[in-house]
Amino acid sequence: RYGPMTTPTHPLALAPVTAPPATVDGFVKEFLRELNTGQGVALSRSTVNDQYLALARTVRHYLMARWLETTRHQRETKEKAVGYLSAEYLLGRQLGNALLATDLGEIAEKAMAACGLDLVTLRAQEVEPGLGNGGLGRLAACFVDSLATMSIPCIGYGIRYEYGIFKQTFVDGRQVEQPDTWLSLGEPWGFPHPEAAVQVDFGGYTETYRDGDVERTRWVPSWNVLGLPYNYMVPGYQNGRVNTLRLWSAQATKAFDLAIFNAGDYAEAVRAQTFAENITKVLYPEDSTPQGKELRLQQQYFFVACSIRDFINQVMEPGFDLHDLPERVTFQLNDTHPVIAVPELMRILVDEHKWEWDEAWDVTKRCFAYTCHTLLPEALEVWPVDLLGRLLPRHLEIIYQINDAFLAEVRERFPNDELRARSMSIVTDYPDRSVRMAYLATVAGMKVNGVAALHSQLLADKVLPAFSEYWPEKFTNVTNGVTPRRFLRLANPWLSQLITDALGVGWVTDLDRLAELEPYAQDEDFRKAFREAKQTNKERLYALLRARDGIELSGDHLLDVMVKRLHEYKRQTLKILHIVSLYEQIIHERVDPTTITPRTVVFGAKAAPGYRLAKEIIYLINKVGETVNTDPRVAGRLQIAFPANYNVTLAEKLIPAADLSEQISLAGMEASGTGNMKFALNGALTIGTDDGANVEIRQLVGDDNFFGFGMTEPEVAALGASGYQPGSYYESNPQLKAAIDLIASGAFSGGDRNAFEPVVSNLLYHDRFMALADFASYVDAQAAVEAAYADQEAWSKMAILNVARTGFFSSDRSMRDYLSRIWRA
Ligand code: F55
């Protein structure tokens, strides 16, 4: 389907497609063509949205030849590819990245100016595809960027949600969710390919039948949907490579399948036809507690079944031998969400291709590798057996068979150790009979990795100890990374220019070269230029917040930023306790306000809509902000901003402006963090716990250039084991007591003493993530921050050293690690 059916004879058909010439005139011409013949409007009558769409299509046009060429080259060379399976891709805006990748930024700017248009305005028209919740989805987007930039064959597979992560608004300080209608004004980047649609079956039952003298099983499904692929370009950075991101959209099958209709349950069949499109309607907004909803399992199986089928039937050449599949692809499982791919591949090999079980298992287990992104027990996905059996009866049987064979092996290696066998069982009976997806992924995957050194250690020791003992060589670490293209080069043009002036251009694809900046920390002129870049970024941010949110920020403040999903373990409450404490000390005249370093604190955080306490914390932050920002006693000393709807677009403006990066999760809870890396690379200093990748950041930048605080993971474990009592910290620390009392007094709620009761009582009587235990240490670290910030030359040195020493956190390096530790394994 991808190649010509017959040999072409016309000379033009043999020539490779070429991109249009990259000149301003050429660009103007293409742009006007897109506007006139694509959008169907004259420039004089066009809206900004028309102009944005035409511009996007113009850039897309320039990439097209490279895309077709990449695909052709891939089919010809048959190089091993990565099939990245992820239910989420938090892409961010596409236009700026595409202009950077094609190096068309300047030409586009001039071409738009020649048309009387402003490139910045057109870029701002784009609604970002928010097809992910947070770190996990953004990581997938960084990884596909790096793979394209490194010319590594990869297809990213995922879901084209009609509604991405909800749009957050605040009403009287409380989070209110609005649907994310990212497709409503037209979306120029996706290419639908109805000719490559895939049918996906659900429901029904299984039966055995005789096939010669073998007894076989077949699945008789009761309903099906169609998976329609949309291809998205993933351009490498100025390297002529364009990989593919293939996102699936669910459609009702056109022909009503009479056989199924008559054999199956009538109501069920009709319901399925009617509700097919629901499957890819909306992204589930929980970022840590998976919803065990049937629709979510449908989403998972839907995109995975489409993707595996697509890879085998469309990406591989016709007649390709499935025994060679492990030499041609590794399917990387981005958390457990796509793990149903394992029994799906087994089903294809055993039921459809009629392979022996062992033969199929040998191939399957060499095709998959699993990345875990959490340690929280409630985040580990399990599916009730009855739900699985109803939706995917054949897959459930296969899972049982995988488990039986695996446990037989365990019992053989450890005879008379039934406890061990049970602890490793993929299917558990407690609290309900269900399938532990992380166990399935571990048993089936050739490798299992955590996302930072500490996390991988804890994963092996605490979450999957029996498995890491059983297969020590299976467990490995790949520390996360972020793409320097989007998060440094695009987001921070001023710092980028400084770096390029010092080092030349190569650093964008070779971030280790940032190490060469080290001597510039001692250069007074460079430090001054660095501070000017930071200041420019702050002004850009303040202008944006004014226009976007009506937030007025002013002054030459320390900009202190905490942006990430709202979760108790991330401890936004610890940050708010610190702010309240600063405020309390000023208004009660415990400190001379003129001795306090002026500080602007910015929060950005969405709470899962069903996460009650998280929403109460958002309310608290907003109400504290309201009070503090209008109190003349702290004017010019302390201000708080909480712009709604933090997303990738806002991150790109916020992170480059920050002086201080808040990474304050309870040790052992944040698997890695990736925001922490983005801040350090943009020259913010970190105040952080010994958690996730913070540990590695601290090691690389040095203790002197990092504000570490709090308990270590072993200390946390010990305190937990000894019986943690938050109240004792409250009673014994007057500063902490004063802060909590002020919140409880109604000072931030117009005298209402009940307004924050859920948050306050949780802290005092529960505090699962030990914010009170780390409070004193956090306050000390913040005092050290203030002292350090007072010496701007010293601060600039530290900040520059953070940039120079964090090149390791490029996602290009992560990809090299995946290649050497997993994909080539
Ligand atoms: C989304 C859906 C479900 Cl059901 C569960 C989790 C998520 C999710 O978004 N997880 C997530 O973002 N995890 C984060 O992954 C990052 C990338 O590895 C880590 O840096 C971060 O520590 C981790 O919390």
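**Entry 1. Ser-554**

I looked up Ser-554 in this predicted model and found a relative accessible area of 45%, so I recorded the residue as partly exposed. Ser-554 sits in the loop that runs between α22 (524–549) and β20 (558–563). I then checked its distance to Gly-636: the C-alpha atoms are 8.2 Å apart in space, while 82 residues separate the two in sequence.

**Entry 2. Domains**

I noted the division of the protein into domain 1 (17–77 + 102–127), domain 2 (78–93 + 128–479 + 817–823) and domain 3 (555–791). For domain 1 and domain 3 I took the centres over C-alpha atoms and found 44 Å between them.

As general background, nonpolar side chains tend to be buried together in soluble globular proteins. The largest core holds 152 residues, and those touching the most other members are Phe-27, Phe-202, Phe-302, Phe-311, Phe-368 and Ile-402. Helix α10 (residues 294–315) supplies the largest share of this core, 11 residues.

I listed the contacts of Ile-402, leaving aside neighbours within four places in sequence. Its partners are Val-342, Met-346, Trp-357, Trp-361, Ile-426, Leu-440 and Val-443. I also found a second, separate core of 109 residues, with Val-482, Phe-709, Leu-763 and Val-779 among them.

**Entry 3. Gln-299**

Beyond four places in sequence, Gln-299 is in contact with Ile-159, Tyr-161, Ile-279, Val-282 and Tyr-284.

**Entry 4. Helix α31**

I asked which residues of helix α31 (residues 757–765) are buried. They are Val-759, Val-760, Asn-762, Leu-763 and Leu-764. The cover over these buried residues includes α23 (572–587), α24 (612–629), α29 (726–732), α30 (734–744) and α32 (771–790). After α31 comes Asp-767, for which I noted a positive phi near 45 degrees.

**Entry 5. Backbone geometry**

I kept in mind that most residues other than glycine have a negative phi, and that most peptide bonds are trans. I recorded two further positive values of phi. Asp-172, a residue other than glycine, has a phi near 50 degrees. Asp-172 lies in the loop between β5 (167–171) and β6 (174–178), and at 66% relative accessibility it counts as exposed. Gln-238, likewise not a glycine, has a positive phi of about 45 degrees. The loop holding Gln-238 is between β11 and β12 (242–252), and with a relative accessible area of 36% Gln-238 is partly exposed.

I also looked at the peptide bond from Tyr-430 to Pro-431, which is cis, with omega near -10 degrees. Pro-431 has its place in the loop between β16 (427–428) and β17 (434–436).

**Entry 6. Trp-355**

Not counting residues up to four places away in sequence, Trp-355 touches Arg-216, Leu-322, His-323, Leu-349, Val-350, Ala-360 and Val-363. I also took the C-alpha to C-alpha distance from Trp-355 to Arg-548, and it is 59 Å, with the two residues 193 places apart in sequence.

**Entry 7. Cavities**

My search of the whole structure gave 11 cavities of 30 Å³ or more. The largest cavity contains about 160 Å³ of space. Which residues of its lining are closest to its centre? Of the 14 lining residues, these are Leu-91, Gln-94, Asn-97, Ala-141 and Asp-145. Two or more lining residues come from each of α7 (135–149) and β11 (223–235). By class, I counted 8 nonpolar, 3 polar and 3 charged residues in the lining of the largest cavity.

Technical notes:
Residues are numbered from 1 along each chain as its sequence is written. This is a predicted model: local features need pLDDT of at least 70, side-chain atom pairs count only at pLDDT 80 or more; totals for chains, interfaces and linings use all residues. Side-chain values use heavy atoms; hydrogens and water are left out. On a 1 Å grid over the protein atoms alone, a cavity is a set of points where a 1.4 Å probe fits but cannot get out, and a pocket is an open set with protein on both sides within 12 Å along at least five of seven lines; lining residues have an atom within 4 Å of a point. Grid points are joined across faces, edges and corners, and a volume is the space filled by probe spheres set on the points. Helices (H or I, at least four residues) and strands (E, at least two) are DSSP runs, numbered from the N terminus. Ala, Val, Leu, Ile, Met, Phe, Trp, Tyr, Cys and Pro count as nonpolar, Asp, Glu, Lys and Arg as charged, and the others, Gly among them, as polar. A nonpolar core is a set of buried Ala, Val, Leu, Ile, Met, Phe, Trp, Tyr and Cys residues joined through side-chain atoms within 4.5 Å. Buried means under 20% relative accessible area, exposed over 50%, partly exposed in between (1.4 Å probe, protein chains only). Contact means heavy atoms within 4.5 Å. Domain bounds come from an automatic or database domain assignment.
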